Amino acid sequence: MFDLQVPFFKPLWLRIGTVAFCIGWAIFEIAAGSVFWAILFGAAGLWSGYEFFIVWNPKDEDTGKDKK
């Protein structure tokens, strides 16, 4: 779907901020009563958290290939 394994997300603070924003927005949507958007942003937060902290393997900036 989306490739999050890019050098842009290499700084830890950016990965944490992205996950926190999505989860925070999901909580806001639950409080506002919008279940659909809460599920959508919650899923995006969980998926990005998985990509950033479980299977994180950023691509090399020069070659575009995965680092091993």
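Colleague: Which residues in H1 meet H2, and what makes that a contact?

Modeller: From H1, Leu12, Arg15, Ile16, Thr18, Val19, Cys22, Ile23, Trp25, Ala26, Glu29 and Ile30 take part; their partners in H2 include Trp37, Phe41 and Phe52. Contact means heavy atoms within 4.5 Å. Bear in mind that this is a predicted model, where local features need pLDDT of at least 70, side-chain atom pairs count only at pLDDT 80 or more, and totals for chains, interfaces and linings use all residues. Residues are numbered from 1 along each chain as its sequence is written, and side-chain values use heavy atoms, with hydrogens and water left out.

Colleague: Why is H1 called roughly antiparallel to H2?

Modeller: Their axes, lines fitted to C-alpha atoms over the stretch in contact, are compared by N-to-C direction on a scale from 0 to 180 degrees. H1 (residues 12-32) and H2 (residues 35-53) cross at roughly 160 degrees, with axes within 7 Å. Over 145 degrees counts as roughly antiparallel (under 35 roughly parallel, 65 to 115 roughly perpendicular, the rest oblique), so H1 is roughly antiparallel to H2.

Colleague: What makes up the largest nonpolar core?

Modeller: Five residues: Leu4, Phe9, Leu14, Val19 and Phe52. Such a core is a set of buried Ala, Val, Leu, Ile, Met, Phe, Trp, Tyr and Cys residues joined through side-chain atoms within 4.5 Å. Buried means under 20% relative accessible area, exposed over 50%, partly exposed in between (1.4 Å probe, protein chains only). Of the 68 residues, 25% count as buried.

Colleague: Which residues does Val19 touch?

Modeller: Gly45, Ser48, Gly49, Phe52 and Phe53, leaving out residues up to four places away in sequence.

Technical notes:
Helix = DSSP H or I, 4+ residues; strand = E, 2+ residues; numbered from the N terminus.
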